[in-house]
Amino acid sequence: MTAEPKNSNRVAFDYAYSNTELFGVQEAYKAIRTNIVLSVIKDECKKIVITSSLQAEGKSTTSVNIAISLAQAFNKVLFIDCDLRLSKVHKAFGIARDPGVTNVLSGLATVEESIQATKFENLFVIPAGISAPNPSEMLASLKMQQLISKLESRFDYIIMDTPPINIVSDALPLAKIADGVIVVVRRKISTYTELDKALQSLKFIDAKVLGLILNDANEENTKKYNNSRYGKSSRYY
Ligand SMILES: Nc1ncnc2c1ncn2[C@@H]1O[C@H](COP(=O)(O)OP(=O)(O)O)[C@@H](O)[C@H]1O
Ligand SMILES: [Mg+2]
């Protein structure tokens, strides 16, 4: 595995989630949280998959923020980094990449060892784990299903961040067992053709698509809000 360049911190998660002064972001994610709460009606653990058609559309940004927002509403939340290939989310939480999903699935760590606390109350993370040669097989395995079933009794929400579905099939088995799938679309990156392809794949497996989230919305709004008290972060609207 190639070492990451030293200056790659910027990549990692200049995401806004941990910064409580970012009012706009917080408000946007509260609205998304409300929609999730209203869309997935069941008493037991609600399993939500966040995906998109292509890379860099904002899946990880969105899923981390959704997880934080749900935890802030007093839900016990588990975030699972199911992007076993290009996982970066552990950096956002300031935790190690392993032990994580791949360690548990391959018997190298226990579930307990893989669940890591975060600085957010009620929010726990299972990072991706060590690099594995067969991420698709791992996520589609019976062991993965068993892992999720085991965790369900302990959390109100399980949020799964996944790779892009038009590039690799990793997210599909998770989308199939989830109570809801959220598809992220990003201005200037997503295209109708790719989005349509992604939605077709989800339809094919009978996944329950809760809706789309438009990330990095319109430039006019960006300028407007950048100059307002809501600050730069309102791009997330
Ligand atoms: N709304 C946004 N405004 C600015 N930067 C963003 C926004 N959404 C995502 N990014 C940045 O784009 C990059 C890719 O986002 P990420 O969430 O990792 O996408 P994905 O998980 O879909 O590959 C990251 O560096 C992230 O900080
Ligand atoms: Mg990602």
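F74 is placed in the loop that joins helix 2 to strand 2 (77-81). In this predicted model, the phi angle of F74 is near 70°, a positive value in a residue other than glycine. F74 counts as exposed, because 10 C-beta neighbours lie inside 10 Å and the limit for that class is 12 or fewer.

A second case is A56, whose phi is near 65°, again positive in a residue other than glycine. A56 belongs to the loop between strand 1 (46-52) and helix 2. With 15 C-beta neighbours inside 10 Å, A56 is classed as partly exposed.

## Cis peptide bond at P99

The peptide bond leading from D98 to P99 is cis, and its omega is near 5°. P99 is located in the loop between helix 3 (89-93) and helix 4 (101-105).

As background to these backbone features, most residues other than glycine have a negative phi, and most peptide bonds are trans.

## Packing of helix 1 and helix 2

Two packed helices are described by the angle between their axes and the distance between the axes. For helix 1 (residues 23-39) and helix 2 (residues 59-72), the axes come within 9 Å and cross at roughly 80°. Helix 1 is therefore roughly perpendicular to helix 2, since angles of 65 to 115 degrees fall in that class.

On the side of helix 1, the contact involves V25, Y29, K30, I32 and R33; these meet N65, I66, S69 and L70 of helix 2. Sorted by class, the contact between the two helices comprises 5 nonpolar, 2 polar and 2 charged residues.

Methods
Residues are numbered from 1 along each chain as its sequence is written. Chains are lettered from A and ligands numbered from 1 in the order in which they are written. This is a predicted model: local features need pLDDT of at least 70, side-chain atom pairs count only at pLDDT 80 or more; totals for chains, interfaces and linings use all residues. Axes are lines fitted to C-alpha atoms, for helices over the stretch in contact, and angles run from 0 to 180 degrees between N-to-C directions. Helices (H or I, at least four residues) and strands (E, at least two) are DSSP runs, numbered from the N terminus. Angles under 35 degrees count as roughly parallel, over 145 as roughly antiparallel, 65 to 115 as roughly perpendicular and the rest as oblique. Two residues are in contact if their C-beta atoms, placed from the backbone, lie within 7 Å. Ala, Val, Leu, Ile, Met, Phe, Trp, Tyr, Cys and Pro count as nonpolar, Asp, Glu, Lys and Arg as charged, and the others, Gly among them, as polar. A residue is buried if 20 or more other C-beta atoms lie within 10 Å of its own, exposed if 12 or fewer, and partly exposed in between; C-beta atoms are placed from the backbone.
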